[in-house]
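Visitor: I am new to this structure. Please show me how to read its features one by one.

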Amino acid sequence: MVPTPLNESQQSIDRGYEVGDVSAKTVGIFVPSLIVFTAAVLIGVAVYMSLRERAAINSDQPRSAVADTPLPFNGPVLQPTQGHDTLPQEDLAAMYDRENRVFDSLGWKTEGTGLLPKIPDGLIDQVNARRSDKTTKSPTQDGGKP
């Protein structure tokens, strides 16, 4: 006959129930100990993280190559400010005037409205001639060179 623990009856063993090896006293000691250990670890981790956070805040260095100070704006100012006392319409007219001067220096005709300039017919003919020369030549005609 198999020896039985004090709290197990012969009837439960005969029915095939598993005999327990853990006593209530052991569980009663383990569970509170586990709770106390878990609480101590959580408190320790929280204190460590708060100390690390303070240290990181005190020694915080920018980790970006981008400067924190804004760069000066080089675009057109579209509203009156000190040192720039013009209206947006005047700003746009000045911008179109600068563009028209560039186009005039290239020989393109502008009408002063800020719209697209007219490309000279001679330039269009040169581009068309260059394009037609490339399409009519085969690679063997000029020695295979592109």
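**Reading the model**

Guide: Start with confidence. This is a predicted model. The mean pLDDT of the chain is 78, and 73% of its residues reach 70 or more.

Visitor: In which helix is confidence lowest, and in which is it highest?

Guide: Confidence is lowest in α1, with a mean of 76. It is highest in α2, at 94.

Visitor: How many helices and strands does the chain have?

Guide: The count is 4 helices and 0 strands. Along the sequence, the pattern reads α-α-α-α.

Visitor: What do the contacts say about residues at least 24 apart?

Guide: Take the contacts between residues at least 6 apart in sequence. Of these, 0% join residues at least 24 apart.

Visitor: What share of the chain is buried?

Guide: Buried means under 20% relative accessible area. Of the 146 residues in the chain, 3% are buried. The accessible surface of the chain is about 13400 Å², and carbon and sulfur atoms hold 61% of that.

Visitor: Which residues make the nonpolar surface patch?

Guide: The patch covers about 1100 Å². Its members are Val22, Val27, Phe30, Val31, Leu34, Ile35, Phe37, Val41, Val45, Tyr48 and Met49.

Visitor: Where is Val22 found, and is Val22 buried or exposed?

Guide: Look in the loop between α1 (10–14) and α2 (24–58) for Val22. Exposed means over 50% relative accessible area. Val22 counts as exposed because its relative accessibility is 61%.

Visitor: How many salt bridges does a search of the whole structure find?

Guide: First, the general idea. Side chains of opposite charge can pair when their charged atoms come close. Here the search of the whole structure finds 2 salt bridges. One of them links Arg101 and Asp97, with 3.3 Å between the closest N and O atoms. Asp121 and Lys118 also form a salt bridge, at 3.6 Å from N to O.

Visitor: Where do Arg101 and Asp97 lie?

Guide: Both are in helix α3 (residues 88–106). They sit 4 residues apart, about one turn of the helix.

Visitor: What is the accessibility of Asp97 and of Lys118?

Guide: Asp97 has a relative accessible area of 41%, so it is partly exposed. Lys118 is partly exposed too, at 47% relative accessibility.

Visitor: How many residues does α3 have, and how far does α3 reach?

Guide: α3 has 19 residues. From first C-alpha to last, α3 reaches 28 Å, close to the 27 Å expected at 1.5 Å a residue.

Visitor: Which residue follows α3?

Guide: Gly107 follows α3. The phi of Gly107 is positive, near 90°.

Note on methods. Residues numbered from 1 in each chain as written. Predicted model: local features only at pLDDT ≥ 70, side-chain atom pairs only at ≥ 80, totals over all residues. Heavy atoms only, no water. Helix = DSSP H or I, 4+ residues; strand = E, 2+ residues; numbered from the N terminus. Buried < 20%, exposed > 50% of the residue type's maximum accessible area, 1.4 Å probe, protein only. Contact = heavy atoms within 4.5 Å. Areas by Shrake-Rupley, 256 points an atom, 1.4 Å probe, with all protein chains shown as cover. Patch = residues over 30% accessible without salt bridge, like charges linked within 9 Å, V, L, I, M, F, W, Y side chains within 5 Å. Salt bridge = Lys/Arg side-chain N within 4 Å of Asp/Glu carboxyl O. Expected span 1.5 Å × (residues − 1). pLDDT = per-residue confidence, 0-100.
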